[in-house]
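Biologist: Can you walk me through this one? I'd like the overall build, then the details.

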Amino acid sequence: MKFQLKNIVAILFMALTLISCSDNDDSTTINELDGLTKFQEMTNTTHTIELYSHIGALVQGYNEVKLRIKDNVTNQYIKNATVSWMPVMHMAMMNHSCPNSEVEKITSEGTLYEGYIMFQMAQNDTEYWDLKIDYSIDGIDYTTTSVIDVPASAKRTVNTFMGTDGVKYLVAYAEPHHPSVALNDMVVGVWKMQDMMTFPVVDGYTLKIDPRMPSMGNHSSPNNVHATQTTAGELYNGKLSLTMTGYWKINLQLAKPDGTIVKGEEITDTVTSSSIFFEIEF
Amino acid sequence: MKKTVSILVLLFSVFVLAQNQENDSLKIKELKEVILIGKKANLYEKQSKSLGSIDEFLQQSLKVDMIKRGAYAWEPIINNMPSERTLVTIDGMRIFGACTDKMDPITSYVEVSNLEEATIVSGQEGGCFGNTIGGSIDLKRNKNTFGEKKWEFHLNSGFETNNKQKILGASVNYRDSLFYVDSDVMLRNAENYKAGNGNEVLFSQFSKANFSSTFGFRFSNNKSIETAIIYDKATNVGYPALPMDVSLAEAAIASIKYEYVPLNSKVKNWETKLYFNTIKHKMDDTTRPNVPIHMDMPGWSETFGYYSKVNFSKAKHHFLINLNSFYNKSIAEMTMYPSDPNENLMFMYTWPDVRTLYNGVFLEDEFVFNCHSSLKILTSFGSHINHVASQFGLESIQIFYPELKAEKSRILKSVASRYNHVKLGFEYGFGLAYGERAPSVSEGYGFYLFNSFDGYDNIGNPNLKNEKALEGSLSIGFKNDKFKINASASYFKIYDYIIAKTDVSLVPMTIGANGVRIYTALDYATLFNTDISAEIYLSNSFKWFSQATFAKGKDSENKNLPFISPLSYMSSLRFIKNQFNAEISVSGNASQINYNSEFGEDKTPSYAILNVSSGYKFKLGTNNFTTRIGGENLLDTYYSTYADWNNIPRVGRNIFINLNYSL
């Protein structure tokens with residue numbers, strides 16, 4: 001009898017613990033921002049758009065950007081908006097855009113929207129990027145535009161080139177954010193320039209990778225897997241093997257589905273670097 | 001065909017030759033050699049060079065040879081098998097070197113002044129303190145006794161002309177019926193040595209300091225406790241055969257032992273020891289000119305362990321049981337410094353913090369049938385677990401083995417038997433054995449370990465199977481007052497023989513390396529060893545001693561195994577009269593024709609060198625002096641042996657003088 005009583009107490013205690021856990025449900029809104037840092041706010045008369053990224057800034061190359069929209073009156077975050085964006089580079093003679101994704105809600109309950117923007121060039125003294133965000137809430141359209149800060153990256157993470165097939169391609173390094181001495185999951189993007197404002201993902205190609213350490217006899221690493229696409233329209237996935245810390249040059253070759261190389265050279269004893277490459281240092 | 005020849009040779013040796021024995025008691029004979037070192041060796045007629053290095057002492061053994069990478073820290077090989085396949089212990093303690101390039105075998109962390117003798121056991125019979133394939137060396141520390149109150153002081157000094165080696169040592173011993181304390185210190189400092197043609201061998205210098213202390217206390221007549229510590233520090237050690245040197249090799253070895261010797265009991269002796277040792281090894285190329293990239297390769301090894309060993313007899317059976325465990329932690333790193341100082345350092349784990357836990361039991365039964373014959377059976381069973389503790393290191397090795405788990409466990413077994421027969425000075429014995437070993441840390445988890453002999457980067461393989469050996473051995477001997485002759489032969493068939501094989505798809509990391517090799521297993525390899533030794537008392541004062549060894553090793557594709565000794569021989573004539581003794585000896589090797597060029601070996605020409613030495617012992621009042629003076633390689637022959645890494649030449653003419661004083 002006593003034993004049963006003990007069990008009942010235990011069950012009650014467990015139930016209480018569960019209940020007290022569920023009290024913390026509101027905290028999901030805070031957890032959403034884990035690992036993210038706000039780098040800019042864009043404000044119009046009705047809303048404030050907060051922009052977030054992992055490094056708390058934008059940089060030349062591939063950027064994962066997250067945003068949320070706050071109602072200036074209620075201070076509530078909007079959960080049901082439809083969002084799109086358009087980054088534009090303002091140059092002396094012309095304007096152009098860059099590869100970028102759709103903007104999608106991360107979770108239906110959350111407040112964050114996400115997408116990527118790949119800035120193929122950095123700003124300079126006379127040329128700058130701005131970002132236009134269009135969004136609609138309950139059938140009403142809104143817009144806001146701000147100048148954004150896109151400094152040059154320290155290492156090469158983007159290659160823009162004309163392929164042997166006369167197409168202008170862009171390839172960019174996306175992941176790993178924090179490379180380690182391991183077989184890293186690698187994510188890259190491959191796009192082409194259709195016109196100044198349209199940069200669609202190139203489907204079905206292979207981005208061949210050959211990581212090398214120029215400071216140490218240009219040695220390579222084993223068991224790399226070339227980046228390929230699993231779903232059309234998506235980024236490319238591969239495996240990047242790094243056998244030690246330091247500066248690595250990831251030499252690239254872009255191959256069409258039929259195997260034709262449109263750009264990049266194979267590394268040999270005499271060819272120590274490809275004309276397209278990424279750099280990482282850790 | 002080759003096998004038939006081997007068997008014929010083996011049989012021939014059985015009929016004509018005989019086996020090495022030290023004493024002739026009724027107790028069972030083992031395939032065991034005892035090399036006297038240190039204190040015992042101060043019996044000046046026993047050794048030609050009392051202050052030689054441990055390596056020089058061990059090299060006298062028929063079963064042991066040394067792979068040399070310079071003047072210091074030679075790697076002992078037993079039955080032509082290197083350290084992975086052998087077991088070297090200090091008083092039963094497991095110690096693991098901290099260098100990925102085997103520049104610090106355990107023998108390099110002790111000094112002759114610490115030790116009394118080295119017991120060398122061939123094959124599975126050496127498995128008392130752990131698993132082995134080739135055999136074992138147990139370095140025995142000075143054995144102290146309780147007794148009448150007594151103080152002893154010793155001073156040892158030596159000088160060698162070739163590398164200007166200065167040796168200085170001192171020891172103090174005290175004992176009474178309840179306590180004993182022994183402390184000793186020894187310092188060595190040597191410059192570059194000169195090879196036979198007078199050419200200086202650059203980067204062959206070394207400097208070493210060793211301190212040891214033992215303290216014993218007796219609770220009662222048959223219960224005692226002993227603590228012991230050895231601290232050894234070598235600095236500025238050059239390895240002329242390698243691209244890197246060692247700025248520091250430091251070891252602290254500590255133990256506490258409890259011994260119980262029951263009186264009038266079937267249990268003869270029960271000894272339990274707890275031990276700990278820590279090794280720090282700093283390899284770098286700071287002093288080398290023109291290196292393509294500067295690098296540091298430090299390593300650390302820590303081992304905790306215990307054993308509890310009991311001897312007891314029942315009727316005609318003599319039993320030994322040894323329970324033993326150790327836990328080792330091995331880490332090694334490599335940091336490379338790019339020429340551009342703004343670039344990040346290049347870093348990797350070459351040993352990814354590998355933890356090894358071993359728990360085992362060893363059982364031995366000597367069954368003495370009668371005063372002539374006996375049978376010994378031994379067996380061991382153990383659990384061996386490797387665990388990669390560093391996440392960084394684990395992910396590194398997962399580049400090669402994506403499915404690899406951090407932990408890998410194995411069961412290791414061995415069983416051996418030996419029959420022995422002695423009658424009228426004639427004796428013979430034969431043995432059969434089976435044993436297993438786990439891969440070493442380098443073989444299992446090494447990451448881009450450069451072997452400067454074959455020029456390949458080596459990658460470990462955690463999925464290797466246990467290496468297994470079948471072993472057969474024979475020994476035969478005859479002895480009377482004037483004459484003693486012994487011969488022995490052993491044959492090992494080693495299954496899943498671990499060796500590194502080239503993988504052409506991989507690109508080396510080391511600048512200038514030939515390629516990458518991955519540890520893998522051959523179906524089998526065979527090793528045949530034979531030796532003969534003879535001692536003849538020509539008169540009361542003259543003794544002639546000779547020994548010769550020969551070995552052959554083949555892999556399953558009938559290719560030669562690396563580091564297999566060609567015919568090697570030694571012959572000496574010793575004169576002893578009163579307090580004076582003198583010795584002249586010749587030693588040499590036949591040409592090494594059975595080499596393996598894939599492992600960087602080439603044909604090593606034959607050589608022979610001539611050595612002389614003499615000693616004199618005298619008293620001045622209560623002061624005892626022992627002097628030894630001698631010349632090694634008197635003819636200044638330029639030579640290198642099959643076991644010299646990258647054919648590095650051996651020491652040329654060397655005159656040594658040892659002076660020992662005791663009070």
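This is a predicted model: local features need pLDDT of at least 70, side-chain atom pairs count only at pLDDT 80 or more; totals for chains, interfaces and linings use all residues.

Biologist: What share of chain A counts as buried?

Modeller: Of its 282 residues, 34% count as buried. As for contacts in chain A between residues at least 6 apart in sequence, 54% join residues at least 24 apart.

Biologist: What is the mean pLDDT of chain A?

Modeller: The mean is 89. In chain A, 89% of residues reach 70 or more. Residues 14-29 of chain A are below 50, though. That stretch has two contacts in the model beyond near neighbours in sequence.

Biologist: Okay, domains. Where are the bounds in chain A?

Modeller: Domain 1 covers 29-148, and domain 2 covers 158-281. The C-alpha centres of these two domains of chain A lie 27 Å apart.

Biologist: How many residues are in contact between domain 1 and domain 2 of chain A?

Modeller: Domain 1 of chain A puts in 11 residues, and domain 2 of chain A puts in 12. On the domain 1 side, five are nonpolar, six are polar and none is charged.

Biologist: And chain A against chain B, how many residues are in contact there?

Modeller: 20 residues of chain A contact 25 residues of chain B. The chain A side has nine nonpolar, 10 polar and one charged residues.

Biologist: Now the inside. Which residues touch the most other members of the largest nonpolar core?

Modeller: A:Val171, A:Val188, A:Val190, A:Leu207 and A:Leu252 do. The core has 167 residues. Both domain 1 (29-148) and domain 2 (158-281) of chain A give residues to this core, so it lies between them.

Biologist: Take A:Val190. What is it in contact with, leaving aside neighbours within four places in sequence?

Modeller: A:Val190 contacts A:Tyr169, A:Val171, A:Val201, A:Val202, A:Tyr205, A:Leu207, A:Tyr236 and A:Leu254.

Biologist: How many bridges join β4 of chain A to β5(A)?

Modeller: Two bridges join them, and β4 of chain A spans residues 82-90. A:His90 stands opposite A:Asn95 in β5(A).

Biologist: Over to chain B. How many bridges join β13 and β14 there?

Modeller: There are 15, between β13 (residues 245-260) and β14 (residues 267-284) of chain B. Those strands run antiparallel. B:Ala249 has B:His281 in β14(B) as its bridge partner.

Biologist: Which residue in that hairpin of β13(B) and β14(B) takes a positive phi?

Modeller: B:Asn264 does, near 50°. The hairpin has six residues between the strands.

Biologist: And how does β14(B) pair with β15 of chain B, parallel or antiparallel?

Modeller: Antiparallel, over 17 bridges. β15 of chain B spans residues 294-314. B:Lys273 has B:Tyr307 in β15(B) as its bridge partner.

Definitions and conventions: Residues are numbered from 1 along each chain as its sequence is written. Chains are lettered from A and ligands numbered from 1 in the order in which they are written. Two residues are in contact if their C-beta atoms, placed from the backbone, lie within 7 Å. Ala, Val, Leu, Ile, Met, Phe, Trp, Tyr, Cys and Pro count as nonpolar, Asp, Glu, Lys and Arg as charged, and the others, Gly among them, as polar. Domain bounds come from an automatic or database domain assignment. A nonpolar core is a set of buried Ala, Val, Leu, Ile, Met, Phe, Trp, Tyr and Cys residues joined through C-beta atoms within 7 Å. A residue is buried if 20 or more other C-beta atoms lie within 10 Å of its own, exposed if 12 or fewer, and partly exposed in between; C-beta atoms are placed from the backbone. Two strands pair if DSSP finds at least two bridges between them. Helices (H or I, at least four residues) and strands (E, at least two) are DSSP runs, numbered from the N terminus. pLDDT is the predictor's confidence in each residue, from 0 to 100.
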